[in-house]
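Good morning, and thank you for coming.

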Amino acid sequence: NLVCADETTMDIRAEVKDVQEDGDDAEDDWIPSLGDVKHKQLEFNSLSEEEMVVRAKEYYKLLEGRRTVRSFSSRSVSKEVIRNIIKSAGTAPSGAHTEPWTYVVVSSAEIKEQIRYIIEEEEEINYKKRMGKVWTGDLKPFRTNWIKPYLTEAPYLILAFKQTHSLRADGKKKMHYYSEQSLCISVGLLISAIHYAGLVSLTSTPLNCGPALRSLLGRPMSEKLAILLPVGYPHEDCEVPDLKRKPLDEIMVEFD
Ligand code: IYR
């Protein structure tokens with residue numbers, strides 16, 4: 001076995017530590033996350049090889065056209081679209097099927113203003129003090145700064161919260177496993193659903209704003225803000241950096 005023992009042990013320790021951080025209290029505060037579940041026959045429709053290749057290429061072509069956008073139109077978007085996009089995100093696989101995500105959808109102009117205020121105040125310090133020369137230098141091509149009009153102009157802000165555990169009304173808790181990975185997979189599906197629906201988004205990660213945004217939105221301590229996405233139509237003058245993506249041979253290594 002060539003797996004480095006230290007690395008494996010570290011992985012397990014990291015996950016167990018993550019779990020224990022939420023629950024160094026009495027063991028009987030915790031209840032099983034799922035309980036007993038019966039199994040049923042999988043519904044699976046086999047495709048022909050030709051159809052598979054066609055579909056794989058079509059899906060790539062669709063995703064290849066996605067761009068991250070920082071300039072939004074204030075044109076409205078139906079809530080029905082947003083609800084279905086969030087339902088897609090909720091289909092993601094998760095550790096022990098704990099579904100450790102909460103999506104907060106904000107369309108209220110006042111709350112968007114408050115979110116923008118919190119983020120711009122922190123981001124000004126981030127850009128001027130916390131991020132340092134290398135980081136801010138690496139961001140130059142993206143023309144970003146701490147002033148973020150998209151936070152009030154986009155019709156929706158979707159805030160993805162990672163649930164480290166869940167708390168029931170009776171005080172009992174359920175452990176959530178691999179919440180980081182599960183949340184990220186879910187947001188990946190969300191971004192793809194937004195694009196397929198004909199809308200654009202910005203995958204933003206407001207640094208140091210989590211606690212303030214969590215309390216503004218009334219979310220519990222067991223939830224941590226992971227990603228904030230403005231969603232809507234691009235501004236008619238929207239520009240994006242002319243970036244290239246890595247070719248397949250740079251992102252894939254094959255052993256046949
Ligand atoms: N969160 C900041 C900075 C930022 C960091 C990275 I890495 C980016 O790819 C883009 C922005 C901001 O939103 O401006």
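I begin with β6, which is mostly covered: eight of its 10 residues are buried. Here, buried means that 20 or more other C-beta atoms, placed from the backbone, lie within 10 Å of the residue's own. Strands are DSSP runs of E with at least two residues, and helices are runs of H or I with at least four, numbered from the N terminus.

Please note that this is a predicted model: local features need pLDDT of at least 70, and side-chain atom pairs count only at pLDDT 80 or more, while totals for chains, interfaces and linings use all residues. Residues are numbered from 1 along each chain as its sequence is written.

Which strands join β6? Strand β2 runs antiparallel to β6, and eight bridges join them; strands count as paired if DSSP finds at least two bridges between them. In this pairing, Phe161 stands opposite Leu225 of β6. Strand β5, residues 200-201, is also antiparallel to β6, with two bridges, and Ser201 has Val231 as its bridge partner.

Let us turn to the largest nonpolar core, which has 34 residues. Such a core is a set of buried Ala, Val, Leu, Ile, Met, Phe, Trp, Tyr and Cys residues joined through C-beta atoms within 7 Å. The elements that each supply at least two of its residues include β2 (156-163), β6 (223-232) and α7 (179-196). Leu157, Leu159 and Ala160 have the most contacts inside this core.

Terms used. A residue is buried if 20 or more other C-beta atoms lie within 10 Å of its own, exposed if 12 or fewer, and partly exposed in between; C-beta atoms are placed from the backbone.
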